[in-house]
Amino acid sequence: MLEVNNISIRFGDEQVVRNFSCRVEKGGLACLVGRSGCGKTSLLRSLIGLTPYCGGGIKIAGASLNESTCAYVRKITAYLPQELVFPNDDVMDIVYQTFRIGGVKNIRLSIPLLHQNLSRLGLEPELLDKRMAEISGGQRQRLMIAVLGMLDKQIWLLDEPTAALDEKSRDLVIKFLLDARCEGKTIVAVSHDPVFASRCSTIIQLD
Amino acid sequence: MGTIDISYISLLIGMLLLLIPIFYIWRYETKLLKGICIGAVRMVVQMLFIGVYLRYLFEWDNPVINSVWVFIMVYIASETALTRTGVKRGVLMMPLIVGFVVAGILIGLYFLGIVLKLDNVFSAQYFIPIMGILLGNMLTVNVIAVGTFYSTLQREQNLYYFLLGNGASRSEALKPFVRQAIVKSFSPTIANMAVMGLVSLPGTMIGQILGGSSPHVAIKYQIMIVVITMSASMLSLMIAIQFSSKRAFDGFGRMKQVMKG
């Protein structure tokens, strides 16, 4: 489903990732681990062409990643960065906006399903009546996981999905991801959390 | 009744009022002191020169010379906007010029040719002041909006990449940033438009009334000036953002280094 073949990532003079390869099968839940600054986020972003890389290549769902295929790859991928700063809009505006973008225009927003996903992640539906600035970082992270879970994407790329969460919320997020995996989603997540890593099917060490 | 002239001594006495903003700018250490002093001197010198230029332009009244003059104004406006936004020349200069020229010509000629029904739309008496007022407004809006667009984009890249990474096209992913730029640059104009005539009596109207026109004529001109400046500002802004964003991103939609320094 996802294949990284001998790529390197460099920022100016600094070589962040060197000759790295890995593979994640369909339905896998892979955890990308390594010390801070070793290039985990850069590698995750490079999978959908958001960070430049050199050397070998990346294949997603059979498509070699390049300028002409990146739009297709992004359409089948859900991506959640770690620190997501939204304008101070209503939460529902952000939800609607996510459903209006090109990759998911054919999917209708189902409010009952959204409520169900929020509840599975330990969030109250009243959260949807607030403004983005009124909800915490952890709530924002789970809200976006709930929303991305509705986009019917084959591959999920998540950057620290359990960061800034208490134990109970973290367990709910892990269960949500394991359920998605059972439905055939392929998930790659960057994480420093050993509990999260222990529940993944594959550990990708990046050092 | 003719307009009362202001003698140079009276002008000097009047300009003493600038000491009020200069004092507070100095007192609160805003780093604008040098800017306001240079700006005031430049304004006086430029206005004295423009008096001379305009006399000759009006005398010759040649469409080619008038157009060249307007293009010089466009170039200076683009240079000024480029400096104030802090965006790299290679990214923004040409889009600004294209935006100012296209919006200025389209909207300006629409007003002069269709609304005023002038036989000669390039007549110096109309063409140069109308292009001047359009360029002044387009400059202000573009400085605020383009600056906001690129600085917010740089600061909140994660939102752009979140949208892009989830399948948005580049223009879809840029939408929140364009929206912020429009809100920031047009809010004052819209607020001002809503109270025009009640709270504010705008410059064009005052100028015409002082120049001897009837308030009835002055009001109609003022309404049209507001309409054409808003339209030209929005059109030039959209052109500048569209064209510059083609240069600001690579084939993957990744943002290049667009700000200077």
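Let me start with the parallel sheet of chain A. Five strands make up this open sheet, and their order is β6-β7-β8-β3-β9, with parallel pairing. Please bear in mind that we are looking at a predicted model. At the edges of the sheet lie β6, residues 77–80, and β9, residues 202–205, each of which pairs on one side only. On average, and with direction ignored, neighbouring strands here are turned by 15° against each other.

Which strand pairs with β9(A)? The partner is β3, residues 29–33 of chain A, and the two run in the parallel sense over four bridges. Within this pair, A:Val33 stands opposite A:Gln205 of β9(A).

Chain A also holds an open sheet of four strands, this time with antiparallel pairing, in the order β2-β1-β4-β5. Its edge strands are β2, residues 14–24, and β5, residues 63–64, and each of them pairs on one side only. Strand β1, residues 2–11, is joined to β2(A) by seven bridges in the antiparallel sense. As a point of reference on the screen, A:Ile7 stands opposite A:Phe20 in β2(A).

I turn now to chain B and a pair of its helices. Helix α4, residues 63–85, packs against helix α6, residues 124–155, at an angle of about 20°, and their axes are 9 Å apart. An angle under 35 degrees counts as roughly parallel, and α4(B) is therefore roughly parallel to α6(B). The crossing of α4(B) past α6(B) is right-handed.

Which residues make this contact? From α4(B) they include B:Trp69, B:Val70, B:Met73 and B:Ala77. From α6(B) they include B:Phe127, B:Ile128, B:Met131 and B:Leu135.

Finally, the contact between the chains. How many residues does each chain contribute? Chain A gives 22 residues and chain B gives 18. On the side of chain B that touches chain A, helices α7, residues 157–165, and α8, residues 170–194, each supply at least two residues. The greatest contribution to that side comes from α7(B), with seven residues. In composition, the side of chain B that touches chain A has eight nonpolar, seven polar and three charged residues.

To close, I would recall the two open sheets of chain A, one with parallel pairing and one with antiparallel pairing, and, in chain B, the right-handed crossing of α4(B) and α6(B).

Notes. Residues are numbered from 1 along each chain as its sequence is written. Chains are lettered from A and ligands numbered from 1 in the order in which they are written. This is a predicted model: local features need pLDDT of at least 70, side-chain atom pairs count only at pLDDT 80 or more; totals for chains, interfaces and linings use all residues. Two strands pair if DSSP finds at least two bridges between them. Axes are lines fitted to C-alpha atoms, for helices over the stretch in contact, and angles run from 0 to 180 degrees between N-to-C directions. Two residues are in contact if their C-beta atoms, placed from the backbone, lie within 7 Å. Ala, Val, Leu, Ile, Met, Phe, Trp, Tyr, Cys and Pro count as nonpolar, Asp, Glu, Lys and Arg as charged, and the others, Gly among them, as polar. Angles under 35 degrees count as roughly parallel, over 145 as roughly antiparallel, 65 to 115 as roughly perpendicular and the rest as oblique. A crossing is left-handed if the near helix is turned anticlockwise from the far one by less than a right angle, and right-handed if clockwise.
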